[in-house]
Every structure is written in structure tokens, then in C-alpha cells.
Amino acid sequence: MKNRLIMIGLFGLSALTIAAQSVDVTGPDGKLKVSVSCESGKASYTITYEGKQMLETSPLGMNTNIGDFSKDLKLVKHATEKLDRVYTQTRIKTSTVHYQANELVCHFTNADEKPMQVTFRVSNNDVAFRYTLPKSGETGSARVLSEMTGFRFPDVTTTFLCPQSDAMIGWKRTKPSYEEEYKADAPMSDRSQYGHGYTFPCLFKVGEEGWVLVSETGVDSRYCASHLSDSDNRLYTIAFPMPEENNGNGTVEPAFALPGSTPWRTITVGNTLKPIVETTVPWDVVEPRYQTEHHYRMGRGTWSWILWQDNSINFADQVKYVDLAAAMGYEYVLVDNFWDKNIGRERMEELVAYARQKGVGFILWYSSSGYWNDIIQSPLNHMDNSIIRKQEMRWLQKIGVKGIKVDFFGGDKQETMRLYEEILSDADDHGLMVIFHGCTLPRGWERMYPNYVGSEAVLASENLIFQQHFCDNEAFNACLHPFIRNTVGCMEFGGTFLNKRLNRGNDGGTIRRTTDVFQLATSVLFQNPIQNFALAPNNLTDAPEVCIDFMKQVPTTWDETRFIDGYPGKYVVLARRHNDIWYVVAVNAQKETLEVEVDLPMLAGETVSFYYDGKNREPLRKKLPIKADGKLKLTVQPQGGAVLMK
Ligand code: CA
């Protein structure tokens with residue numbers, strides 16, 4: 001992008017003498033407007049949509065060890081440029097994106113005449129902005145001490161937020177790992193559960209005016225991952241990781257070489273939830289970090305650990321899950337922790353060879369650790385050190401393993417971002433795909449890293465096994481993710497259970513409250529380019545045939561995603577297209593039966609396969625003609641689901 005700036009609006013010297021300076025930029029359709037101001041030496045911005053205030057005056061700036069860019073600023077010039085580009089992606093909600101935006105670069109200087117730029121990219125419903133420090137003089141690097149960057153909401157706003165946890169707490173001291181519980185429709189005056197603010201993405205409802213989603217993207221080895229502080233007079237600010245993360249090792253303050261930039265902070269704005277659910281801003285403003293020479297195949301997998309747990313990590317049980325994958329026509333089997341001890345490397349080679357002749361590939365689990373937790377699950381200490389990691393990856397490539405799942409990272413510090421990037425980069429050298437668990441939110445990584453295929457960063461399916469509370473709240477959480485966590489990045493949830501009881505025998509453990517059709521719906525509702533479903537070998541004989549048939553053909557990659565209707569935490573109706581097949585799915589978290597008229601232009605006049613809950617909540621399927629106007633009255637039982645497919 002640099003060197004292509006066209007300077008069109010130089011402020012003259014006389015303009016610098018006035019106290020307030022401001023410049024506006026709108027999206028291509030003119031509805032979304034960002035106004036950047038510099039008043040009494042302080043930089044700020046506001047956002048309106050169709051003239052409605054969505055963000056009030058919110059601060060910009062940062063303090064660094066090469067200069068303070070939080071005060072005594074002057075807006076010395078600005079430049080605008082039109083951006084228009086098309087890119088393709090196989091691992092996000094849509095396969096082809098046409099990104100059109102207006103870019104505004106604001107050039108500030110501080111009291112010492114040192115430069116800082118703020119770049120805004122404004123599309124019809126998204127704002128992305130970042131800071132750039134040019135190289136000036138001999139100084140070649142900068143450390144960012146703090147950011148002033150904030151988001152101030154009108155007082156009618158309510159929030160849908162997930163708290164940042166304390167560091168070094170929870171299972172084997174592995175937190176934070178983005179596995180906390182959301183509060184829906186909470187007032188801004190609520191304090192976060194741990195007092196550390198909230199993890200991205202953060203959803204806000206601006207009264208009856210519309211919706212705003214705040215997140216960040218483009219975080220790699222050159223910055224930390226950030227989160228939002230608790231609000232102070234309706235202002236949420238960018239917060240850096242906590243000193244205690246990574247067992248206290250590693251700096252809180254990010255640093256980069258000059259010229260260098262911060263990650264993009266993104267603000268998605270709409271009158272309705274449609275732009276929130278359909279946004280592609282996490283990928284629009286980032287670039288691939290490297291090209292790959294490998295062809296990575298997306299698909300479905302089975303994994304024994306979710307229902308059969310640690311005791312299933314043995315040769316005989318893994319053969320059963322390879323056979324299940326083959327019977328379902330799935331591409332992968334994921335073998336979870338302790339395979340090195342309980343199966344051993346030689347027999348793993350045998351297992352991989354057995355799976356290969358059945359057309360099934362392997363994904364193997366690793367702990368990231370490391371010195372940042374107390375994990376005993378092995379293999380340990382293979383992924384945190386480049387010498388050992390590359391040796392291991394050579395072996396994985398040699399025996400034909402297709403991917404790795406690396407678990408239990410240490411937090412959001414820059415050194416952990418560097419570890420994620422190094423694992424991805426080394427894995428690509430060896431033709432391996434990478435799934436992260438016990439981890440941070442992905443921030444544009446599908447586009448940045450060609451072998452990145454998923455992150456947990458959510459209270460995932462394992463919690464349904466661990467505690468009845470999460471089964472009781474399964475529908476509520478499922479109705480949040482399409483609007484929040486899963487809209488900004490792929491989510492390796494590991495769901496779709498057809499067991500009624502969540503244990504090995506389907507006869508004990510926690511009780512699933514949601515219907516079978518609800519489970520089918522989440523296989524489409526939750527987006528991750530490789531989905532490891534929670535099916536078990538017994539489901540081939542004890543689950544309704546209609547469900548198994550559906551799960552055999554459900555895809556995991558999408559050409560298009562459309563929001564149909566819904567409200568976070570209550571219900572959602574979503575449509576996704578794979579090639580020319582549309583899947584429309586609905587789930588209902590409310591106590592009452594959902595009756596909603598939906599508009600399905602993509603199915604107008606078609607006869608679809610309709611999966612629905614029967615009187616006894618059993619899964620049924622029938623042919624359903626959709627009227628020529630595409631309108632349909634949809635009924636969904638409490639904790640139930642519906643799927644239309646054509
Ligand atoms: Ca986890």
C-alpha cells in the first residue's frame with residue numbers, strides 16, 4: 001500500500017494555527033462516516049451511520065519509547081484513496097470477496113515534530129484503522145507503552161461481551177484461553193467478571209439505532225493481541241496482555257521495527273445484524289504472510305477424545321474411529337493427547353498407514369508447552385522449540401500425517417503471537433495444517449497463513465461433557481456465536497453430538513437438552529473449514545438414519561453466507577451456500593416455540609429437503625415446496641432446530 005498514496009488535501013500553514021482540525025471519510029455508499037479530529041493536541045474520531053451516532057468522540061493515539069503520540073498532536077496533512085480488490089478464500093464464510101473502501105491516511109506530528117500516521121479504511125459497513133510509525137532519523141525500532149485507542153458508545157448502548165480471565169488459573173494454569181461465559185444485553189455499567197475487561201470480538205447494541213462489533217485483525221509476530229478494558233464513562237479502550245500471562249515471562253508492551261504498524265482495529269456497523277454476521281473485514285485488510293506450495297484439503301473428521309476421553313487413546317479404539325470416518329466418508333481422524341505414550345510412534349505409523357488405505361488422513365495433538373502451564377498431557381515440549389519442532393514435523397511429514405492440533409497456549413503477549421506464527425510457518429514447510437486449541441482468537445489468520453485451519457477460543461463442545469450447566473446453556477451459546485465469536489474467525493467447536501447422553505456408552509454422563517435437528521443445524525451454523533464432529537461409532541446404528549445421511553454429506557467450506565434473522569442469545573436463522581446447494585439452518589434458545597416468517601429468495605419456488613423436530617422432538621425429514629415469493633413461516637421448538645437444503 002505504501003508509496004501509492006495520493007495527497008489530495010494538504011492543510012496549509014494557516015490551518016495549523018486553528019485549534020480544531022477535522023477530516024471526514026465515508027464508505028462507498030456514503031452511509032458510514034468516520035470523522036477524525038485533532039483538538040487541543042488530542043486526536044479522536046467519531047462514527048455515524050445514516051447520520052445516527054454509533055460511536056461518540058473516541059480517543060486515538062499511543063505512547064511509545066520513541067515519542068508520545070497521545071498529546072500535543074497536529075494533523076499536518078491527509079490523503080485519500082479508493083480501494084477496490086477481489087480476493088478468494090476457501091476457509092472463511094465466503095469464497096470470493098469484493099472489497100471496496102475509501103482509505104484516509106491522517107499524518108500527525110507530535111511536540112517533537114515526530115510523525116505518526118493513522119490509516120482508516122471505510123467500506124459500506126466496516127471501519128478498519130491502524131497506526132503507522134515511519135522511520136525518522138536513525139531510530140530503527142519502537143516499543144509501544146500504551147494505546148489511547150478507544151470506543152465510546154452512546155448511553156443507550158447494551159453489550160454482549162465475554163470477560164478476559166485472570167492469567168495462570170483454571171485447568172493446569174492454562175488460562176486465558178477465551179473460554180469464558182458471555183453476558184447478553186448487559187448494561188455498559190456492568191464490570192467484567194475478573195476486572196480485566198473483555199476479549200474480542202465485542203458486540204454492542206446501540207439502542208434502536210443499530211449494532212456495532214469491535215474486534216482486531218492482522219495480529220502476527222509483530223504485536224501482541226489486545227482486548228478491551230472495562231468501560232469508563234462509556235469508553236472502552238485497547239488493553240494489552242496482563243503481566244502474569246506466560247507465567248510472567250515476556251513483555252506486555254509490543255515492539256516492532258520501523259517503519260511499522262499496529263494491527264487493524266475493526267468496527268462493523270449496521271442498522272441490523274446482517275452486516276455483523278456477513279462481515280469479511282478481518283480478511284479484507286490483511287495480506288498473506290507467505291505462499292504455500294502445498295494443496296491443503298478441508299473436510300470433516302472424527303475424534304474419539306470428545307466422548308470416549310483419554311482412555312480411548314489406544315490402537316484398537318483409534319481403529320474404530322478411523323472406520324467411523326471411512327463409513328461417514330470423512331477425510332480425517334483427530335487423535336488427541338497421550339498418543340505418543342499410549343500408542344507409541346511405531347504403532348502410530350501403522351495406524352496412519354491403515355487409515356491411508358481407507359482414504360482417511362490423520363491430525364495429531366500436541367501440547368504447546370513450554371513454561372506457561374502445568375500440562376502433563378503429551379507430547380510435551382515439541383512445539384515451543386524450533387529445533388525439536390522441525391525434527392518432529394519432518395517425522396510427521398514422513399509418515400503421512402496431514403495436520404497438527406496444538407493446545408494450551410500461554411496468553412496474548414507478543415511472544416505467544418510469535419510462537420503461533422512460527423508453528424504455522426514451520427508446519428507449512430512440512431505440508432501440515434494447523435488447528436489451535438486453548439488459544440487466542442484468530443485475527444485474520446485464514447488469509448494470512450495458508451495452512452491455518454482453525455482455533456477453539458470458545459467454550460467448546462468439551463464443556464458439554466464436563467458440566468450439565470453447559471448442556472442446559474447449549475442453545476443460548478449457539479445463538480451467540482454466529483453474531484460474535486464465529487463471525488470474525490473460524491471456530492473449531494468440535495460439535496454435533498448424536499449421543500443423547502454424553503459418555504462412551506450413550507447411557508450416562510451429562511444429558512443433551514437440544515434436539516437431533518438442532519445438532520445437525522450447528523454443523524452448518526458453526527463455521528470452521530475442518531470440522532471434527534462429535535459423532536461416535538455407536539451412532540452408525542443407534543442414531544436416526546436421517547441424521548447420519550445428513551452428516552455424511554454436510555460440507556465444511558462455503559461460497560456464501562447470508563444472515564436471515566435472529567437475535568443474539570435467542571435464535572438465529574442463517575443460510576450458507578456450498579457450490580449450488582443452499583443450507584438454511586435455524587436454532588432456537590428461547591423457552592417458547594419460535595414462529596417467524598423468513599425471507600428465503602435463494603429457495604423461492606424450489607422444493608427443499610426439510611429437517612425438523614417432530615412432536616416428540618424426534619428428527620423428521622420431508623419435501624417442502626417454498627412459495628414463489630420465497631417467504632416461509634418457520635416453527636422451531638425450544639432448544640430445537642430446522643434445516644432446509646436445496
Ligand atoms: Ca479447550
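Buried means under 20% relative accessible area, exposed means over 50%, and partly exposed is in between, using a 1.4 Å probe on protein chains only. I write that down before anything else.

**Ground rules**

I am working from a predicted model, where local features need pLDDT of at least 70, side-chain atom pairs count only at pLDDT 80 or more, and totals for chains, interfaces and linings use all residues. Residues are numbered from 1 along each chain as its sequence is written, and side-chain values use heavy atoms, with hydrogens and water left out.

Helices (H or I, at least four residues) and strands (E, at least two) are DSSP runs, numbered from the N terminus.

**Entry: nonpolar cores**

I went to the largest nonpolar core next and found 182 residues in it; Tyr45, Phe120, Phe362 and Phe436 have the most contacts inside it. The term covers buried Ala, Val, Leu, Ile, Met, Phe, Trp, Tyr and Cys residues joined through side-chain atoms within 4.5 Å. Domain 1 (4–284) and domain 2 (461–492 + 501–528 + 558–646) both contribute residues, so this core lies between them. There is also a second, separate core of 22 residues, with Val608, Leu624, Ile626 and Leu632 among them. As background, nonpolar side chains tend to be buried together in soluble globular proteins.

I checked what Phe436 touches, leaving out residues up to four places away in sequence. The list includes Val406, Phe409, Tyr420, Trp445 and Glu456. Contact means heavy atoms within 4.5 Å.

**Entry: domain 1 against domain 2**

The bounds I used come from an automatic or database domain assignment. The C-alpha centres of domain 1 and domain 2 lie 33 Å apart. I find 25 residues of domain 1 in contact with 25 residues of domain 2. Together the two domains bury about 2200 Å², with 60% of it on carbon and sulfur atoms. In domain 1, Lys93, Tyr182 and Val277 lose the most area to domain 2, together 28% of what that side buries. Buried area is the accessible area (1.4 Å probe) that two parts lose on being put together, summed over both.

How many salt bridges cross this interface? The rule finds zero between domain 1 and domain 2.

**Entry: salt bridges**

I then searched the whole structure and got 37 salt bridges. The rule asks for a side-chain nitrogen of Lys or Arg within 4 Å of a carboxyl oxygen of Asp or Glu.

- Glu56 pairs with Arg234, closest N and O atoms 2.8 Å apart. Glu56 is in strand 5 (residues 52–59) and Arg234 in the loop between strand 18 (227–228) and strand 19 (235–239), 178 residues apart. Glu56 is partly exposed at 23%, and Arg234 is partly exposed at 23%.
- Lys74 meets Glu113 at 3.8 Å, N to O. Lys74 is in strand 8 (residues 74–88) and Glu113 in the loop between strand 9 (96–109) and strand 10 (115–122), 39 residues apart. Lys74 is partly exposed at 37%, whereas Glu113 is exposed at 53%.
- Glu253 pairs with Arg143, closest N and O atoms 2.8 Å apart. Glu253 lies in the loop between strand 19 and strand 20 (255–257) and Arg143 in strand 12 (residues 141–147), so the pair ties together parts 110 residues apart in sequence.

I also noted a network: salt bridges with shared partners join Glu147, Glu216, Arg265 and Arg443.

**Entry: His196**

I placed His196 in the loop between strand 15 and strand 16 (198–206). His196 is partly exposed, with a relative accessible area of 23%. Beyond its neighbours within four places in sequence, His196 is in contact with residues including Gln164, Asp166, His227 and Met242.
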